[in-house]
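Biologist: I would like to go through this model feature by feature. Please give the general idea each time, then the case here.

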Amino acid sequence: MTVESSTPAGGKKKAAASRPRKRAAARRPVRPKAEPAPEMVQLLTPEGERVEHPDYSLDIGHEEIRGLYRDMVLTRRFDAEATALQRQGELGLWPSLLGQEAAQIGSGRALRHDDYVFPTYREHGVAWCRGVDPALLLGMFRGVNHGGWDPTGNNFHLYTIVIGSQALHATGYAMGARMDGADIAVLAYFGDGASSQGDVAEAFTFAAVYQAPVVFFCQNNQWAISEPIERQTRVPLYQRAAGYGFPGVRVDGNDVLAVLAVTRAAAEHARTGQGPILVEAFTYRMGAHTTSDDPTRYRRKEDLEAWEAKDPILRLRRLMERENAADDAFFADLDAESDALAKRVREAIRTMPDPEAMAIFENVYADGHPLVDEERAQFAGYLASFADQHEEN
Amino acid sequence: MPAEKMAIAKALNSSLRRALEADPKVVVMGEDVGKLGGVFRITDGLQKDFGEDRVIDTPLAESGIIGTAIGLALRGYRPVTEIQFDGFVFPAYDQIVTQLAKMHARSLGTVKLPIVIRIPYGGGIGAVEHHSESPEALFAHVAGLKIVTPANPSDAYWMLQQAIECDDPVIFFEPKSRYWEKGEVDTASIPGPLHAAKVVRSGTDLTIAAYGPTVRTALAAADAAAEDGTSIEVVDLRSVSPIDFDTLQRSVEKTRRLVVAHEAPVFFGSGAEMAARITERCFYHLEAPVLRVGGFHAPYPPARLEEEYLPGLDRVLDSVDRALAY
């Protein structure tokens, strides 16, 4: 689908004839920003000051602001606890979301329950918004499963480790939703690194061609392990959407209010049959890629410090203080709640049982496979032979 | 309903039509499957009757076809995808191996991926590069996938029905050089389980295991050998994952010799797995090592050489002679 160029003067008759087909495009609530208009949507400055944007407004009360703040604080605390658990040997690996709380909470809270989310492996904040028990996220990083939650329970698909694969799954799901006549949005999360993957490009193509209700939500955290964004693209990522014929918008990914407003509009765009849309949340991975990574080998301390000044939680806290949006009791309660969450997660991971050996053979096929049955029986016999030895001894 | 005589291509078309009629969640998708009816016309007329949402012309992107089919399956659909030619499946290999095959297990059984991937495969049609390959072993190695391949119109019709009904991903390899061979199809009764091998010719001196395009070659070899007084049993495996080793074992215990014939390269091919397993199961029955005849460890050759490359009648008979000489 291409956006037709504007009709030149004198061509009014033709324009009138084709107007009904162009109406949807004209009514888009979100449109690609052309340079040099403000490239990034921001509703809250790093200093915690609310600012207006011509296309996006957010009518939000203090209670809802407190809710967003609570989500971000609890997510960060959970994330820090998981990192600590990895250091203590309880997890094999942990991909921290530190710094991306606003991008994830803002987008996660913009969704309805019947929307469907396809995450990468770092969407712990979105999982929180979807109601997935944080402790369940840890199973795969402890090594007891490859994804421990029912994706249909919270409309939150399993974490996908192969970079960008899930963009196609989201698009196919959205194609199905469109055929079903369902007015839902499907969120495809991915990162700046994934934007180089062919699957993401193919997802853009399929979504555009079938007008699938997908919101492509790209968290540009500036780093794909050690490779900076310059190694992935020569143009701002949100601009790529234009080449596929759907709108793209860049939002300040450390501004939870802007992310909420932009994602709400994007989801509504998808739900109302206007096809896909790309949101680039401009943010920063303040931590390492994972606990196995050492970012001091490839990035400067000053860069990190510049982004720490734009911290998403700090910024909302400043707004709350500025507007007296919460009293001391709120913050004290939240501290206690954070401690309780960390304690619960710690206990959950320490008491998480290892799977039985025979779980290797479970769910390989839905309808079974004789080879799996044969190898299961052989392996069970092999294990049983040790039990016999123990008895003999 | 009386049996009807039709070609494999027509049997596949009729089977797809039946599936589309029976289940509104079945969708057919692939490159050129709509208006054109597919480059082999397997989907001929289906889009006209079922519409563009049920018979979907996709962008020219194989990973996109399989990746979006996974999403459709998660939404409750049963996609029947087409990869236009064997050699074009590799852009989708990542989605098939890392996602499609593993997602049911990854989800601890909570999601199912009832996706069929139809792939016309094999050589013998004088095509250019990448249009004549037999990549079944590359998929059989992957747990989570099932792989079947019919050799006659009745199996083409019924195995496709069964593959579509299966809750697991099934790769459905269609022997493209046999598309226009005719046979009886009884659309009223299911001939047997999807993954069961069939003894298609009974014999006493040697078993040839074949599937897809090599079944006819094996039958021709059995005819030729009969003239020399050798009785060959032919087993049509029909399924490469799982392989019906019980049927194969019964045959080899009787004939004591096994030759496996497939168009795919012999090295690390399905014949190697059969040789290993049948040796283990029939060690004391075998009079000769299990022999394999198939493609060479070389790129599929230009069309003018494919008769040399493919396991044709003479090369199959040569393997039979070698097995009988032990």
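Modeller: Over residues 6-181 of chain B, the chain is 36% helix and 17% strand, with the end C-alpha atoms 8 Å apart. Helices (H or I, at least four residues) and strands (E, at least two) are DSSP runs numbered from the N terminus. This is a predicted model, in which local features need pLDDT of at least 70 and side-chain atom pairs count only at pLDDT 80 or more, while totals for chains, interfaces and linings use all residues. Residues are numbered from 1 along each chain as its sequence is written, and chains are lettered from A and ligands numbered from 1 in the order in which they are written.

Biologist: Which UniProt annotation covers residues 6-181 of chain B?

Modeller: An unreviewed UniProt entry gives "domain: Transketolase-like pyrimidine-binding" for that range. UniProt positions are given in the numbering used here, feature names are shortened, and annotations may be inferred rather than shown by experiment.

Biologist: Into which domains is chain B divided?

Modeller: The bounds come from an automatic or database domain assignment. Chain B has domain 1 (4-185) and domain 2 (198-324), and their C-alpha centres lie 26 Å apart. Their contact takes 24 residues from domain 1 of chain B and 21 residues from domain 2 of chain B; two residues are in contact if their C-beta atoms, placed from the backbone, lie within 7 Å. On the domain 1 side, α6 (136-140), β6 (146-148), α7 (153-165) and β7 (170-175) of chain B each supply at least two residues.

Biologist: How many residues of chain A are in contact with chain B?

Modeller: The size of an interface is often given as the accessible area lost when the parts come together. Here the count is by residue: 33 of chain A are in contact with 34 of chain B. On the chain A side, α7 (165-180), α8 (198-210) and α14 (370-392) each give two or more residues, and α7(A) has the largest share, 11 residues.

Biologist: Why is strand β8 of chain A largely enclosed by the rest of the structure?

Modeller: A residue is buried if 20 or more other C-beta atoms, placed from the backbone, lie within 10 Å of its own, exposed if 12 or fewer, and partly exposed in between. Strand β8 (residues 277-282) of chain A is largely enclosed because six of its six residues are buried. A:I277, A:V279 and A:A281 are on one side, and A:L278, A:E280 and A:F282 on the other.

Biologist: Which strands are joined to β8(A) by bridges?

Modeller: Two strands pair if DSSP finds at least two bridges between them. β4 (residues 214-220) of chain A runs parallel to β8(A) with six bridges, and β7 (residues 248-252) of chain A runs parallel to β8(A) with five.
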